[in-house]
Amino acid sequence: MSTCVAIVGVGWTGFRPVTPEASYKELMYEAARRAYADAGVDPRKDVDTFVTVSEDFHEGTSIFDEYVPDQLGGAQRPVHTISGDGLHGLAAAAMQILTGRFRIAVVEGHSKASNILTLPSITAYALDPVVNRPLGFHPVAVAALEADAYMRRTGATREQCAAVVTKNRRNALRNPSSAYGAELRAEEVMASEVVASPLSRLEISDHADGAIAMVLADAKSALRLSRRPIWIRGIGWANDSPSLESRQWARAAYAERAAARAYRMAGMADPRREIQFAEVDDTFAFKELQHLEALGLCDSGAAGALTASGETAPGGRLPVNVSGGSLGVGDLLEAGGLARALEVVLQLRGEAGSRQLEGVSVGVAQSWRGLPTTSGAVAVFSSEAGRRES
Amino acid sequence: MTERISSFPGTALGEGDFESGRVLSVHDRLRAHYSWDAGPAIGRYLQGLKEGRMVGVRCGRCERTVVPPRSFCECCFGPMGEFVPLADAGTVNTFSLCYVTWDVRRITDPLLPAVIDIDGTSPPAGILHLLGEVDPQEIRIGLRVRAVWKPSEEREGAITDIRYFKPLDGG
Amino acid sequence: MPLEPVLRTDRLRSWQGEMPVANRYSFGVALERFFRAIKDEGQILGTPCARCGVTYVPGRIFCERCFDGLTEWKAVGPQGTVEAITLLHVDLDGSRLAQPRLLALVKLDGAGTVLLHYLEGASPGEAGAGLRVEPVFRPAGERIGSILDIRHFRPA
Amino acid sequence: MSMRRVAVVGAGMTRFVRRAMETPKELSWQAAGMALESCGLTLNEVDAVCIGSAPDAFDGIHMKGEYLADGSGAWGKPVMRSFVGGGTGVFAAPQGWYHVASGLFDVVLVVAEEKMSSFYPHAQAAFLTIFDHTTERPLQPNLLWIFALEMNRYMQTYGISKRDVAQVAVKNKRNAADHPCSMLGQAEITVDDVLNSEVLAYPVQRLDVSPVSDGAAALVLASEEVAARVTDKPVWVQGVGWNLDTAYWTNRDLAYPEYVERAARMAYEMAGVREPRKEIHIVEPYDPFDYKELHHLEGLLLADRGKAPEITAQGITARDGAMPVCPSGGLLGVGNPISAAGLMKVAELFWQLRGEAGRRQVPGKPERGLAQAWGDLMQVGTVVILGTERPS
């Protein structure tokens, strides 16, 4: 059994609101090509296994798995799809390496959200067809109810949620790959049209197109391939109940459980001290707060105040979503978790350009699969190999 | 284990159980519309169809010409962007006489789907299309066929700009 | 001779299409019983899990926490308490609703889980967690066995 | 570095039926609960869940894996759904294998479910959307096309007759008569019945085809330590393999499934199998259409190219033959709720290798079996090898 897995190559397209010049295949090909060049590997010879993440109704194709191998260099090789987030895909690739049967693995995620003309109707089709769907409501109501329950439990305010938006949109201005960088004022966010109270339009991430690919390697190969391997110290994923009736509405139980697993694997007793920055899901502004608490990076109910005080800004004690998050980069559907992980990797490599954080060596990425799921994943990365027992 | 289990779960229903209302059910229909960006390779293919010609793509490294076009070579992973015109004729690689439509209606005149290896590709590369103007009993693997195009004013840049492939004179 | 590639925006193409997916869902073992009770008796039934101490509403044949089979059915509610609420302004096609609608999570008395449904007769300003509510059923003769057999909830 | 050993310790399944009353969640719970009960484990002891399920269009639920999570035992647990089209059911076992072999989990519940009857009016129509949206879907293809095109090419290339192929349907539907979950077992069916059945898409006739079905199947996979605790008859995962060929299916020679061979070689290498025809005692290849069993036996290197009909005619693949193939009755006989049918094949190996297959039990104490599935656009091969001998 191998003991460590590292990311040795990353590649991505720019993230844009629309990408009319390319099909999903060209987007995937561009990301993969860049990742292989970054890792110095030839996919036709060196890669032992490929993992992609996708959902059929987001692609408009049943069994979308069919259409992935060629543009990844994976034809006639072991390739499989996970119907999950990019971090689930990352975990699937890492597990394969940990078996000792595979040395180099590739994971890919992408979004062609701009090609989906009826996304809310599709999302609604994820609801229980008998108990929920006949009510015919826009699924954003699920996020709104969750926001109401969360804000009531913790006392988080609309101002604090707006502070998440202004921070992340501003951060995105320093990320050349982002789609939605902007200087906004909190009042503008709060004054934007209410979609489903308490959520207003600017608290909801807009979608973007793009693709991300990563090359993973076992310890030996990683040290051979890369001068700056980024180690996956811990990874966890978990679901709460999928049913709207029995899930926990006021807290992100999936993220709490996923984080506990990731920290245990990383041997982290005190994540709050050891984790220097975080990239967390912010599909809705309140989600960033809820997820920070679920990750144990602040006390339950404290994330709002922490954000309002500027501590989660790039210069603060715990920078969160320096990339711009989903609010600033764009919601990338299944690729969302890989976008969070990508920023952690770039920061740890010291390749984050004008948004580079000083002296960071440990960061965490977290994802949520979006409405109406209770599914999330957490990965802890480090620029140092560290140790991993068990 | 199966020898120790006398009854397995799972309750079979008949269509009548639904129709009579003996069991409750609910209908729904997905509203899922898309506008799939074609990209440079399939975009060029569609443009060729509108112009009334087949377009392939060539990988210089593998010395291979294939159709439908793609932006990458799945063999060597190099980029492919050299689009080349191809003949609109080819050879039946395999075929079927299909008496069922895609939405499971029975028909008496069969649809004639085939994989047609297009001339000028290497190694033989085919596309999925239909055969027409042919006695179904005369179709065989190896039959030589040519595209029958819609008139240019009706072509929209779609695979259906070719109505079907029909046997070349002398097959 | 190679052909010109597509490198002009006036030549970019996209292909329009849809996923033709139509479904008929059987209610299943548990929801058959649950919705028959609403339809025939105007009763809302849950299934308690003795091991986990949770009463699922709608009733289920299994407990998601311990996987025990659930066989005991008991009436819950009909009154309950709102746990969370939203005023929804958008329709599924993205358009603004002419009349925004309140949606609430209601924990029926005796239930361990919530039911999501519309709330009528409460002003958005006052409605919120803690509000006591009750279901408004369709008349017995109009009920078909559906979540819509409950028209909505209203303040109790 | 030696790998962590992984054993199958429990299995369960529902009946396969044309229309199930149960919801997809309920079917999953029934199969998963049975699998746990069969090895005396509780849900509390399950560390992670792997779900296999084919297109969302069938059950009619977007992100079906999320919907299925509670019925599959994933409340509060790590859960992942893998998806390789028709290959999904067998792939779920390798997916479970890598969960345990990675060292991250000790007990993994693997659940495969399909409720095709939810697609209305007919599940076959869902297959339109597996074709390329721009270059193929406008031609209004259906699933029969690709099977018919592949079958025709295969038969033509090797000079195989419809009668040769029909033997497979007869064998499997007869075998299925002994399967308590079967929906199409027919002890009396003959080759002429198959040859006289309705032509759907030449050369495919109605009895060449497995039926649209509902059902679920489940396995419990465990680490060596757990396996030693819960059973004295562990069945070991000796090899896994999977392989995905190009999406440009019209650019391939359809007469031979090279991706199946590649997947098989991957599994044989891991299992240390050098002479598969001698070392594999029982085979459950994917048989959604009768010719596919032949095609796959060749891809698995268990028959020479074009010669699988011969060994079938000789009775070698009969349940009491030298190399029993689809003793379960396969998809043709038991039914084809896609991913559940694939995992049913792995469960069949488990029961056969433990000598617990009842009236289906093959003679001679088999020690190693192989299950294989296939899917996507005639494109993916997934293979698992189970055996009674602990891997070195």
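What area is buried between chain D and chain B, and what percentage of it do carbon and sulfur atoms give?

1. Area between chains D and B. The model is a predicted one. In it, chain D and chain B bury about 4800 Å² between them, with carbon and sulfur atoms giving 65% of that area. Chain D brings 54 residues to the contact, and chain B brings 54 residues as well.

2. Polar links between chains D and B. Two salt bridges are counted between these chains. One of the salt bridges pairs B:Arg106 with D:Glu198, and its closest N and O atoms are 2.5 Å apart. The interface of chain D and chain B also has 20 residue pairs in polar contact, both residues being at pLDDT 80 or more.

3. Make-up of the chain D side. Four elements of chain D each supply at least two residues of the side that touches chain B: strand 1 (6–13), helix 1 (24–39), helix 5 (143–158) and strand 5. Helix 5 of chain D accounts for the largest share of that side, with seven residues. Sorted by class, the side of chain D that touches chain B has 28 nonpolar, 17 polar and nine charged residues.

4. Strand 7 of chain B runs antiparallel to strand 5 of chain D, and two bridges join them. Within this pairing, D:Tyr202 in strand 5 of chain D stands opposite B:Leu97. D:Pro203 itself sits in the loop between strand 5 (199–202) and strand 6 (204–205) of chain D.

5. Backbone of B:Val104. This residue is not a glycine, yet its phi is positive, near 65°. B:Val104 is placed in the loop between strand 7 (97–100) and strand 8 (106–111) of chain B. Strand 7 of chain B is the strand that pairs with strand 5 of chain D.

6. Area between chains A and D. Here 61 residues of chain A are in contact with 62 residues of chain D. The buried area between chain A and chain D is about 5400 Å², and carbon and sulfur atoms give 58% of it.

7. Polar links between chains A and D. The count is one salt bridge. In that salt bridge the side chains of A:Arg369 and D:Glu66 meet, at 2.7 Å from N to O. Polar contacts number 26 residue pairs between chain A and chain D, both residues at pLDDT 80 or more.

8. Make-up of the chain A side. Several elements of chain A each give at least two residues to the side that touches chain D, among them helix 1 (24–39), strand 3 (79–82), helix 4 (86–98), strand 8 (230–239) and helix 10 (253–266). The largest share, six residues, comes from helix 4 of chain A. By class, this side of chain A has 26 nonpolar, 20 polar and 15 charged residues.

9. Strand 3 of chain A and strand 3 (residues 79–83) of chain D are antiparallel and are joined by two bridges. A:Thr81 stands opposite D:Phe83 in strand 3 of chain D.

10. Aromatic pairs. Over all chains the structure holds 24 aromatic pairs. For A:Trp237 and D:Phe105, the ring centres are 5.6 Å apart and the planes are at 80°, so this pair is edge-to-face. The pair crosses between chains: A:Trp237 is in strand 8 of chain A, and D:Phe105 is in the loop between helix 4 (88–101) and strand 4 (107–115) of chain D.

11. Antiparallel strands of chain C. Strand 6 and strand 7 (residues 96–108) of chain C pair in the antiparallel sense over nine bridges, with C:Leu103 in strand 7 as the bridge partner of C:Thr86. The two strands form a hairpin with five residues between them, and C:Gly94 in the turn has a positive phi of about 90°. Strand 7 of chain C also pairs antiparallel with strand 8 (residues 114–119) of chain C, over six bridges. There, C:Lys107 stands opposite C:Val114 in strand 8. That hairpin has five residues between its strands, and C:Gly110 takes a positive phi near 90°.

12. Cis peptide in chain C. C:Gly77 and C:Pro78 are joined by a cis peptide bond with omega of about 5°. C:Pro78 is in the loop between strand 5 (74–76) and strand 6 (80–90) of chain C.

Terms used:
Residues numbered from 1 in each chain as written. Chains lettered and ligands numbered in written order. Predicted model: local features only at pLDDT ≥ 70, side-chain atom pairs only at ≥ 80, totals over all residues. Heavy atoms only, no water. Contact = heavy atoms within 4.5 Å. Buried area = accessible area lost by both parts, 1.4 Å probe. Salt bridge = Lys/Arg side-chain N within 4 Å of Asp/Glu carboxyl O. Polar contact = N/O pair within 3.5 Å; in protein donor to acceptor, adjacent residues only side chain to side chain. Nonpolar A, V, L, I, M, F, W, Y, C, P; charged D, E, K, R; others polar. Pairing = 2+ DSSP bridges. Phe/Tyr/Trp six-rings, centres within 6.5 Å; stacked < 30°, edge-to-face > 60°.
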